[in-house]
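Please read the following report alongside the sequence and the model.

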Amino acid sequence: MKLVKGFTLVELLIAVALTAFVITVSYSFFNLIEKSGRFSAENSELQSTIVPIFYTFLRDLESVDKRYGTISVRKDSDDREELEFYTNSCYYFKGICRVKYWIYKNEEKKIYYLIRSEYRINSLSPSGIDIPITSKVSDFQVLFSRSGDWYNGTIGSNPSLLKIVLKLKNEGGELPLVFKLRN
């Protein structure tokens, strides 16, 4: 009788187990790489949103002219906050202008825009220019600090710090921006 060479059942089970292990490790590795790439893309998109917003606020708040009025927070008719101040560094007008930041909301279409409005103060026309800055912010809150404590509301005194907390629409988080105000 001839002896036929082949694989034993134990050898075959070991080969199947090793193959399953290699496939599982490979899948976990590629899944980790894919999640890392997705996180990196989301982070890059968020960074490309934050930097222009920060520098827009920074440019405006560094040029606040308190001779015409203090920095104030008002509530609009829909109980949304509006940040308002006067600046001598207008984007679209020469001279002094009133700048207002506010959120445009269309609840039906789920559209939100952070708007920067600029109004001439040496004009009889109440109209100004509204510039949408980003659609990634759904709301914001303004806080002031004089001696370490943060408080809401219209300022009576000169605060030293201003914190703008942006509520991000898609990411679901908050972004606090803190600015030191010049006196």
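The report below treats strands, the disulfide, aromatic contacts, the nonpolar core and one backbone angle in turn.

The structure is a predicted model, in which local features need pLDDT of at least 70 and side-chain atom pairs count only at pLDDT 80 or more, while totals for chains, interfaces and linings use all residues. Residues are numbered from 1 along each chain as its sequence is written, and side-chain values use heavy atoms, with hydrogens and water left out.

Helices (H or I, at least four residues) and strands (E, at least two) are DSSP runs, numbered from the N terminus.

Two strands pair if DSSP finds at least two bridges between them. Strand β1 (residues 72-75) runs antiparallel to β2 and is joined to it by 4 bridges, and V73 has L83 of β2 as its bridge partner. β1 and β2 form a hairpin with 5 residues between them, and D79 in the turn has a positive phi of about 65°. β2 also pairs in the antiparallel sense with strand β3 (residues 97-106), over 5 bridges, and here F85 stands opposite V99 in β3.

**The disulfide**

How many disulfides does a search of the whole structure find? The search finds 1 disulfide, the term being used for a pair of cysteine sulfur atoms within 2.5 Å. C90 and C97 form this disulfide, with their sulfur atoms 2.1 Å apart, and the link is left-handed, with -125° about the S-S bond. Both C90 and C97 are buried.

**Aromatic pairs and charges over rings**

Rings of Phe, Tyr and Trp (its six-membered ring) pair if their centres lie within 6.5 Å; planes under 30 degrees apart count as stacked, over 60 as edge-to-face and the rest as tilted. By this rule the count comes to 8 aromatic pairs, and two of them are set out below.

| Pair | Centre to centre | Angle between planes | Class |
|---|---|---|---|
| F29 and F30 | 5.4 Å | 65° | edge-to-face |
| F144 and Y151 | 6.1 Å | 45° | tilted |

F29 is partly exposed, with a relative accessible area of 48%, while F30 counts as exposed because its relative accessibility is 55%. In the other pair, F144 counts as buried because its relative accessibility is 0%, and Y151 is partly exposed at 29%. Ring pairs also link F54, Y55, F57, F85, Y101 and F179 into a cluster.

A charge sits over a ring if NZ of Lys or CZ of Arg is within 6 Å of the ring centre and within 35 degrees of the ring normal. The charged end of R116 sits over the ring of Y91, 3.9 Å from its centre, and that of K163 sits over the ring of W150, 4.7 Å from its centre.

**The largest nonpolar core**

A nonpolar core is a set of buried Ala, Val, Leu, Ile, Met, Phe, Trp, Tyr and Cys residues joined through side-chain atoms within 4.5 Å. The largest has 29 residues, of which F57, L61 and L83 touch the most other members. The elements giving two or more residues to this core are α1 (9-62), β2, β3, β6 (137-145), β8 (161-168) and β9 (174-180), and α1 gives the most, with 5 residues. Leaving aside neighbours within four places in sequence, F57 is in contact (heavy atoms within 4.5 Å) with L83, Y101, L114, I164, L166, L177 and F179.

An open sheet of 4 strands has the order β7-β6-β8-β9, with antiparallel pairing. Its edge strands are β7 (150-151) and β9, each of which pairs on one side only. β6 and β8 run antiparallel and are joined by 8 bridges, and Q141 stands opposite V165 in β8.

Most residues other than glycine have a negative phi. K110, although not a glycine, has a positive phi of about 55°. K110 lies in the loop between β3 and β4 (111-120), and K110 counts as exposed because its relative accessibility is 55%.

Note on methods
Buried < 20%, exposed > 50% of the residue type's maximum accessible area, 1.4 Å probe, protein only.
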